[in-house]
Amino acid sequence: MKKFLDCTLLILFFAALASNFTSSTTHQIIGFAFLALVVAHNVLNRNFYKNYLRGNFNRRRIINHTTIFLFAIGILALTVSGAALADYFNAPQANWRSIHLGAAIFTTVLLFVHILIHASRYVKGKIFYATTILTFVLAVSAIFVLPYVDRWFHTVKINQNVLRGEKLNLDGKILIVYFSRVGNTNFPDKVDAVSGASLMLDDKKIIGNSQMIADLVQSIIGGDIFAIQTEKIYHADYGETVQIAKQEFSSGELPKLKNLPNVDAYDKIFLIYPLWWHTLPKPVENFLLNTNLTGKKIYPIVTHGGGGFGESIDAIKNSTQAEISAPLDIYSSDIPASREIILNWQKNS
Ligand SMILES: Cc1cc2nc3c(=O)[nH]c(=O)nc-3n(C[C@H](O)[C@H](O)[C@H](O)COP(=O)(O)O)c2cc1C
């Protein structure tokens, strides 16, 4: 019975880790089932608590107790952050996704240690050392693989509520210019089939990361919005778009733009773009090269998958005469919590 329960727990744990490949409802059901079985696991192993203070506290026992204690904290963090993400309670604004991901990595590592400690009762000698190395490799993989999977296979979901909240009054007339894959790509109707690395769905609507930030900036400081649109249509497949952009960089091609805004009346330009190949997308470079922004101030915001500003700020400086303000970079998974980030950035600018 105990072994069957432990195997089921393990299977559920890994099924929960594969959350980027399952629907949110499935992930939540797996989470609930896992929690229920953790409780059952504790009931079946209640002797652990009964004998808690009996006997000697040797090194193995101390490590075991510490692991179980930390694992319990990890499960608690997973439960609270999971419930906040699923909107089960009116959670305060925080980056619950990062907390959930961090807790998942933390508990995965501890789970491997927990299993290893128990395995040491049954396997000895060379097999034990081999198991230890395997556990170590799996634990280290979890640290690197989980964020990687999260980065490339995760669709950031956002609720339009982020467009409501504190506002700021800035001097001068504001133009928000953005470039995004969405708006320059023909996506198939079945959006779930699209790689989620740069898309966000709100009620099944596709919104580009940079487009979402443009809407957010407008909801905070007002101003007009201009979307940079290329004449050419980018490929719906994420990997293909990455390759097309690579060719643009190697050939130096500046994709033709559908139109350019009249910027005469504006004082401040918020320039929002995704990081492409560690730098500024060629369509944005084309916009800067063909728009006279002399005497204006640019506020750059880059959305990215971990690369930060890359070399994009230098690329902006090389393409315009405008003054450049302190830029802001937003990691794609942080977008749902970015209202606060944008507000703080502007308050300190
Ligand atoms: C062609 C291409 C190249 C990219 N290159 C990088 C990169 O070098 N570093 C990085 O962190 N993210 C990179 N990304 C990820 C995007 O910067 C990130 O997903 C961004 O938020 C997408 O914004 P969008 O949805 O408005 O297009 C790239 C994405 C694409 C499509």
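Contact here means heavy atoms within 4.5 Å. The structure is a predicted model, in which local features need pLDDT of at least 70 and side-chain atom pairs count only at pLDDT 80 or more, while totals for chains, interfaces and linings use all residues. Residues are numbered from 1 along each chain as its sequence is written, and side-chain values use heavy atoms, with hydrogens and water left out.

The protein chain contains eleven helices and nine strands; helices (H or I, at least four residues) and strands (E, at least two) are DSSP runs, numbered from the N terminus. The C-alpha trace of the chain spans about 80 × 45 × 40 Å along its principal axes. Of the 349 residues in the chain, 42% are buried, where buried means under 20% relative accessible area, exposed over 50%, and partly exposed in between (1.4 Å probe, protein chains only). When contacts between residues at least 6 apart in sequence are considered, 79% join residues at least 24 apart. The domain assignment of the chain gives domain 1 (2-154) and domain 2 (157-347), with bounds that come from an automatic or database domain assignment. The centres of domain 1 and domain 2, taken over C-alpha atoms, are separated by 38 Å.

Helix packing was examined for helix 1. Two packed helices are described by the angle between their axes and the distance between the axes. Here axes are lines fitted to C-alpha atoms, for helices over the stretch in contact, and angles run from 0 to 180 degrees between N-to-C directions. The axes of helix 1 (residues 2-17) and helix 2 (residues 24-44) come within 9 Å and cross at roughly 150 degrees. Helix 1 and helix 2 are therefore roughly antiparallel to each other; angles under 35 degrees count as roughly parallel, over 145 as roughly antiparallel, 65 to 115 as roughly perpendicular and the rest as oblique. The crossing of helix 1 and helix 2 is left-handed, a term applied if the near helix is turned anticlockwise from the far one by less than a right angle, with right-handed used if clockwise. On the helix 1 side, K2, L5, D6, T8, L9, L12, F13, A15 and A16 take part, and they meet H27, I30, A33, F34, L37, V38, A40, H41 and L44 in helix 2. The residues of this contact of helix 1 with helix 2 divide into 13 nonpolar, three polar and two charged. In this division Ala, Val, Leu, Ile, Met, Phe, Trp, Tyr, Cys and Pro count as nonpolar, Asp, Glu, Lys and Arg as charged, and the others, Gly among them, as polar.

Helix 1 also packs with helix 5 (residues 96-122): the axes of helix 1 and helix 5 come within 12 Å and cross at roughly 155 degrees. Helix 1 and helix 5 are therefore roughly antiparallel to each other, and their crossing is left-handed. The contact is made by L10, F13, F14 and L17 of helix 1 together with A104, T107, T108, L111, F112 and I115 of helix 5. The residues of the contact of helix 1 with helix 5 divide into eight nonpolar, two polar and no charged.

Helix 9 (residues 282-289) is mostly covered, with seven of its eight residues buried. The buried residues of helix 9 are K282, P283, V284, E285, N286, F287 and L288. Those buried residues pack against strand 2 (174-178), helix 8 (238-251), strand 6 (268-274), strand 7 (297-304) and helix 10 (312-317). Within helix 9, E285 counts as buried at 19% relative accessibility. Its neighbours within four places in sequence left aside, E285 is in contact with L254, L280 and S319.

The loop between strand 6 and helix 9 holds W277 and H278. W277 is not a glycine but has a positive phi of about 50 degrees, and at 37% relative accessibility W277 counts as partly exposed. H278, also not a glycine, has a positive phi of about 70 degrees; at 51% relative accessibility, H278 counts as exposed.

G252 is found in the loop between helix 8 and strand 6 and is partly exposed, with a relative accessible area of 39%. Apart from its neighbours within four places in sequence, G252 is in contact with Q247 and K282. The C-alpha atoms of G252 and K317 are separated by 17 Å, with the two residues 65 apart along the chain.
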